[in-house]
Amino acid sequence: MIVIGIDQSLSNTGISVIKRGEKPLYFSIITGKMRGVERLDYITKQMIEIISGVCKDNVGEDIVVCREDYAYGAKGDVFNLGELGGCIDLTLYNRVNTNSSSKIKYYCIPPNSWKLLVLGSGQVKKDTQYLLTVYDKTGEKFDNDNIADSYMIALAIEKMLIGKRDDMSLKCKFGMLSSSIRKKNKITEKNISSIDSEKFEILVKETLKEYLIFES
């Protein structure tokens with residue numbers, strides 16, 4: 001299975017490609033002074049070129065793509081970021097459906113979820129210590145926080161799909177379930193340890209269905 005993580009950004013989109021047994025690949029899409037539709041077009045075209053190359057080099061492999069979902073309540077260029085997310089979704093959907101050789105599953109994962117899964121806390125901020133925290137948790141060194149985020153997004157969805165649960169911390173298990181499923185089942189960090197493995201796997205599958213945008 002090939003896992004591609006996307007941390008979309010208006011100025012520097014990070015993309016990571018994970019294949020077990022091989023060194024991860026990292027890409028950065030830098031837009032410079034571009035604005036408006038020119039910027040959106042450039043990011044989506046570059047992204048599709050990268051993903052198409054991965055598919056071409058790994059024919060027959062299952063491809064999983066996951067981008068970061070929106071940080072609801074965030075401030076800043078939220079509308080432009082929303083446009084970018086929509087462009088990525090639509091471009092990837094159209095490309096996959098006109099190219100039968102690309103068989104993928106495409107997910108969006110909330111920021112708090114992947115941070116809990118990989119970093120052990122949903123409140124980790126991008127401060128001067130951020131990349132040191134990433135290195136401590138993943139063993140990977142980065143000098144670009146967007147690429148670091150894309151790598152952790154890929155790690156998070158990989159854990160949800162094929163990760164071992166036995167040695168997983170309670171915080172990670174808590175982060176593996178969506179907020180709506182936690183609320184529906186009245187799950188907290190304190191009582192999640194009481195959920196048996198069979199029930200937990202059912203809830204993880206429900207979460208994955210919730211995060212799934214489309215599959216080909």
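A salt bridge here is a side-chain nitrogen of Lys or Arg within 4 Å of a carboxyl oxygen of Asp or Glu. The close-ups below come from a predicted model, which holds six salt bridges.

View 1. An α-helix has 3.6 residues a turn, so residues three or four places apart point the same way. D41 is partly exposed, at 35% relative accessible area, while K45 is exposed, at 53%.

**View 2. Helix α1 has a buried side and an exposed face.** On the buried list we find R39, L40, I43, T44, M47, I48, I50, I51, V54 and C55. They cover an arc of only 160° around the axis, so they lie on the same side of α1. Turned away from that side are the exposed residues V37, K45, E49, K56 and D57.

**View 3. R20 reaches E158 through a salt bridge.** The N to O distance is 3.5 Å. R20 belongs to the loop between β2 and β3, and E158 to helix α5, 138 residues apart. R20 counts as exposed at 58% relative accessibility, whereas E158 counts as buried at 9%.

**View 4. R67 and D89 pair in a salt bridge at 2.9 Å, N to O.** R67 lies in strand β4 and D89 in helix α2, so the pair ties together parts 22 residues apart in sequence. Here R67 is buried at 1% relative accessible area, and D89 also counts as buried, at 17%.

**View 5. K19, E22 and E61 are joined in a salt-bridge network.**

Terms used: Residues are numbered from 1 along each chain as its sequence is written. This is a predicted model: local features need pLDDT of at least 70, side-chain atom pairs count only at pLDDT 80 or more; totals for chains, interfaces and linings use all residues. Side-chain values use heavy atoms; hydrogens and water are left out. Buried means under 20% relative accessible area, exposed over 50%, partly exposed in between (1.4 Å probe, protein chains only). Helices (H or I, at least four residues) and strands (E, at least two) are DSSP runs, numbered from the N terminus. The arc is that of the directions from the helix axis to the C-beta atoms.
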